[in-house]
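Me: I should like to learn how to read the features of a structural model, one at a time. Please give the general idea before each case.

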Amino acid sequence: MRYRITFIIAFFALCSTTWAQPSLLSEANKFLGKGQWEQAEALFSKHLKKNKKDSAAWFNKGLCLVRMEKYEQALPALLKAHEYKYVPANALRINFAKCYAQTNQHHKALDTLDALATNGFGIFTMLSDTSFAPIRAHDRFKTALQNITYNAYPCMANTNARRFDFWVGTWEVFNPQGVKVGENVITRAKGGCAIHESWTSTNIYSGQSISFYDPYDGKWKQSWVGSGGDASNYVETEDGEGDLQFVSQQKNANGQPFMYRMTFYHNKDNTVRQHMESSTDNGTTWTTAFDGLYKRKE
């Protein structure tokens, strides 16, 4: 009985010691998280001796070697990760592309980048990595970079979403008599899905708008808010004049309905005309409310 108790105590002491020790894989991941590539790679290699089908460990081993710029050594590890079906596949592809670029397998690198673009990969900043220097000047690299950028920012590749680009710029605005009436700064939002307007008149009035192409109904829309508390929501007309035309349904202070019509003309000399009209008879007749000629500010 005494021997059995002694054995049980020894067994639990051994187990508690084992449980207290961090696993080889967790230690490897800690080094990986800290960017200590050499230490992490060594531990992943030890782990893989007994866990040969661990696709994540093969990938992380390959990643460490890529970060250490040991591209020829990284390729076999990445191929093992691929063999054991590592997910996410795009993380594997981008590192394959780096290795191929650095080991003079340029066509393979470019084919891999094409596959990334086709597969919806959108982290275009990864292509600024110095490992891609050997293929950066290649036309196929530039095309892949553009397509990957479009995956991240699809509005930049959408013809309809680019129809209002002619308005983007810093402008001085003049009335038909040639008198300056204000300045307007039109900027495209990151990704190209919206256009922001910041208007300042020569008097005390100012305002801002957001314009965007709505893919659900296939129309451009604009929301405007002025410093006088006025607000308007415009929707593109079906067969309007000019390069882009909007209408807005409004109510005056007495609650009576009226309409605004706003038409943009992109002129051949790269100026822009913005013509605004109002109607109190549901669009039967129109009266000019604003007529501005935009000239790019020097």
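Me: In which strand is Ser279 found?

Reply: Helices (H or I, at least four residues) and strands (E, at least two) are DSSP runs, numbered from the N terminus. Ser279 belongs to strand 9, residues 272-279. The model is predicted, so local features need pLDDT of at least 70 and side-chain atom pairs count only at pLDDT 80 or more, while totals for chains, interfaces and linings use all residues. Residues are numbered from 1 along each chain as its sequence is written, and side-chain values use heavy atoms, with hydrogens and water left out.

Me: Is Ser279 buried or exposed?

Reply: Buried means under 20% relative accessible area, exposed over 50%, and partly exposed in between, with a 1.4 Å probe and protein chains only. Ser279 has a relative accessible area of 2% and is therefore buried.

Me: Which backbone atoms lie by the polar side-chain atom of Ser279?

Reply: A polar contact is a pair of N or O atoms within 3.5 Å; within protein, one must be able to donate a hydrogen and the other to accept it, and residues adjacent in sequence count only if both atoms are side-chain atoms. For Ser279, a polar side-chain atom lies 2.9 Å from the backbone nitrogen of Gly283. The backbone oxygen of Thr285 is 2.8 Å from a polar atom of the Ser279 side chain.

Me: Which residues does Ser279 touch?

Reply: Contact means heavy atoms within 4.5 Å. Not counting residues up to four places away in sequence, Ser279 touches Phe258, Met259, Thr284, Thr285 and Trp286.

Me: What is the phi of Asn282, and where does Asn282 lie?

Reply: Asn282 is not a glycine, yet has a positive phi of about 60 degrees. Asn282 lies in the loop between strand 9 and strand 10 (287-296). With 63% relative accessibility, Asn282 counts as exposed. Glu69, also not a glycine, has a positive phi of about 60 degrees. Its place is the loop between helix 4 and helix 5, and at 57% relative accessibility Glu69 counts as exposed.

Me: How should I read Tyr234, which lies in strand 6?

Reply: Strand 6 covers residues 231-236. Tyr234 has 4% relative accessibility and so counts as buried. Leaving aside neighbours within four places in sequence, Tyr234 is in contact with several residues, including Trp220, Trp224, Phe246, Tyr260 and Met276. The C-alpha atoms of Tyr234 and Gln250 are separated by 9.9 Å, and these residues are 16 apart along the chain.

Me: How many residues has the largest nonpolar core, and which have the most contacts inside it?

Reply: A nonpolar core is a set of buried Ala, Val, Leu, Ile, Met, Phe, Trp, Tyr and Cys residues joined through side-chain atoms within 4.5 Å. The largest has 39 residues, and Leu113, Phe132 and Ile135 have the most contacts inside it. At least two residues of this core come from each of helix 2 (24-33), helix 3 (37-50), helix 4 (55-67), helix 5 (71-83), helix 6 (89-102), helix 7 (106-118) and helix 8 (139-152). Apart from it lies another core, of 22 residues, among them Ala161, Trp220, Trp224 and Val272.

Me: With which residues is Phe132 in contact?

Reply: Beyond its neighbours within four places in sequence, Phe132 is in contact with Ile94, Ala97, Lys98, Ala101, Leu113, Met126, Leu127 and Phe141.

Me: Why is helix 6 described as largely enclosed?

Reply: Helix 6 is largely enclosed by the rest of the structure because 10 of its 14 residues are buried. Among them are Leu92, Ile94, Phe96 and Tyr100. The buried residues of helix 6 pack against helix 4, helix 5 and helix 7.

Me: What should helix 6 span?

Reply: The expected span of a helix is 1.5 Å times one less than its number of residues. For the 14 residues of helix 6 this should be 20 Å, and the end C-alpha atoms are 20 Å apart, which agrees. Just after helix 6, Asn104 takes a positive phi of about 65 degrees. In the loop between helix 5 and helix 6 is Pro88, and the peptide bond from Val87 to Pro88 is cis, with omega near 10 degrees.

Me: What radius of gyration has the chain?

Reply: The radius of gyration is taken over C-alpha atoms, and the globule rule is 2.2 Å times the number of residues to the power 0.38. The chain has 31 Å, whereas a compact globule of 298 residues would have a value near 19 Å. Along its principal axes, the C-alpha trace spans about 105 × 55 × 35 Å.
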